[in-house]
Amino acid sequence: MKPIENYTSKVLNITSHELDYREKTWLQILQQLEKYLDLPNDELLTLKRQCFIEIDQLIEIARSAGKSPFVLEQEKVEEQNKEISRIRDVENNEFIIGFEEFNKYIAPIIKKVKFFPDLAGKTFLGKSILEKIYQSTSSEYYESSEAAGELLGFCDALAVQGFSKVLKNNLEIIFRSRALNYDSVKAIGHRNICKVCTNLDGYLPVESLWIAYMLNAPLFPHAIPSDDEARWCPGPTLLIAPNDPFGLR
Ligand SMILES: [Zn+2]
């Protein structure tokens with residue numbers, strides 16, 4: 001390719017080290033670009049000029065920090081990796097609902113569901129029913145099945161456990177999304193959901209889901225009217241969905 005005509009770097013006394021950096025950065029951009037675009041030569045030259053201007057600015061930033069531009073770039077990558085790992089940690093591990101939050105946000109919702117037992121009641125072993133419901137949502141198999149076992153005789157323990165678990169998991173997704181300022185969550189339908197919930201497939205706004213919890217009226221999971229058995233629909237599965245500023249979805 002032709003060299004850029006009339007390009008004069010604003011960087012004074014540019015060193016060969018800095019020129020190497022500019023060349024390497026441009027080649028990296030070019031390699032990425034060629035995977036997606038086939039630009040005519042003049043447009044490519046315009047782009048190259050623009051890239052050189054921006055790379056030169058980076059070289060000047062590195063100079064003023066007393067660093068090699070290669071080192072500055074490496075530090076940036078490390079910083080970004082740290083940020084990505086912090087975000088992954090929030091997405092996967094943070095805001096686990098404890099009993100206190102369960103009592104605050106979820107108890108008022110399940111209290112209104114017909115097939116739930118009296119939350120203020122006690123089990124045969126004298127334990128709080130609400131606490132046992134909470135324990136039945138644990139991700140530890142032993143703890144959850146033991147708690148569900150203790151609820152037998154008071155309710156359809158499987159339905160109570162499943163319904164509460166979905167409420168808790170969805171609330172965790174909402175908390176994590178809000179902490180990361182994500183606008184929406186991804187809702188995925190599956191064959192166990194009712195017809196109404198099938199229409200919710202797609203992206204749902206986090207704030208509406210959160211407000212529904214605040215009003216003790218999330219759209220799902222929900223009970224399905226039935227005279228004799230505990231029937232319910234879990235609604236779509238919610239997944240964390242990072243924002244989409246470039247409209248790539
Ligand atoms: Zn439904």
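## Buried and partly exposed residues

A residue is called buried here when its relative accessible area is under 20%, exposed when that area is over 50%, and partly exposed in between. In this predicted model, Gln-161 has a relative accessibility of 12% and therefore counts as buried, since the limit for that class is under 20%. Gln-161 belongs to helix α7, and, when residues up to four places away in sequence are not counted, it touches Ser-136, Thr-137, Ser-144 and Ala-148.

## Asp-56 and Arg-22

Asp-56 sits in helix α2, which covers residues 41–64, whereas Arg-22 is part of helix α1, residues 16–36. Both residues fall in the buried class: Asp-56 has a relative accessibility of 3%, and Arg-22 has a relative accessible area of 10%.

With residues up to four places away in sequence set aside, Asp-56 touches Tyr-7, Ser-9, Lys-10, Val-11, Ile-14 and Arg-22. Arg-22, with its neighbours within four places likewise left out, is in contact with Tyr-7, Ser-9, Ile-14, Phe-52, Ile-55, Asp-56 and Ile-59.

## Separations along the chain

Arg-22 and Thr-137 are 115 residues apart along the chain, and their C-alpha atoms are separated by 55 Å. Thr-137 is also one of the residues that Gln-161 touches.

A second pair is made up of Glu-78 and Ile-97, which are 19 residues apart along the chain and have C-alpha atoms separated by 32 Å. Glu-78 is placed in helix α3, and its relative accessible area of 46% makes it partly exposed.

## The zinc site

The zinc ion is coordinated by the SG atoms of Cys-194, Cys-197 and Cys-233 together with NE2 of His-222, at 2.0 to 2.3 Å. The angles that these four donor atoms subtend around the zinc ion run from 104 to 115°, and the arrangement is therefore tetrahedral, a class that requires all angles to lie between 85 and 135 degrees. Along the sequence, the donor residues follow the spacing C-x2-C-x24-H-x10-C.

Cys-197 is buried, with a relative accessible area of 3%, whereas His-222 is partly exposed, with a relative accessible area of 22%.

## Backbone features in loops

The loop between α9 (206–214) and β3 contains Pro-221, and the peptide bond that leads from Phe-220 to Pro-221 is cis, with omega near -5°. Asn-216 is found in the loop between α9 and β3 as well; its phi is near 55°, a positive value in a residue other than glycine. With a relative accessible area of 25%, Asn-216 is partly exposed.

Phe-95, which is not a glycine either, has a positive phi of about 60°. Its place is in the loop between α3 (69–93) and α4 (99–110), and its relative accessibility of 38% puts Phe-95 in the partly exposed class.

## The largest pocket

The largest pocket has a volume of about 330 Å³ and is lined by 19 residues, of which Lys-165, Lys-168, Asn-169, Asn-170 and Glu-172 lie nearest its centre. The elements that give two or more residues to this lining are α7 (157–179) and β5 (237–240), and α7 supplies the largest share, eight residues. Helix α7 is also the place of the buried residue Gln-161.

By residue type, the lining of the largest pocket divides into six nonpolar, eight polar and five charged residues. Lys-165, Lys-168 and Glu-172, which are among the residues nearest the centre, count as charged, because that class takes in Asp, Glu, Lys and Arg.

Technical notes: Residues numbered from 1 in each chain as written. Predicted model: local features only at pLDDT ≥ 70, side-chain atom pairs only at ≥ 80, totals over all residues. Heavy atoms only, no water. Donors = N, O, S within 2.8 Å, 3.2 Å for Na, K, Ca; no water. Tetrahedral: all angles 85-135°; square planar, octahedral: opposite > 155°, others 65-115°. Buried < 20%, exposed > 50% of the residue type's maximum accessible area, 1.4 Å probe, protein only. 1 Å grid on protein atoms, 1.4 Å probe; cavity = no way out; pocket = protein on both sides within 12 Å on 5 of 7 lines; lining within 4 Å. Points joined across faces, edges and corners; volume = space filled by probe spheres on them. Helix = DSSP H or I, 4+ residues; strand = E, 2+ residues; numbered from the N terminus. Contact = heavy atoms within 4.5 Å.
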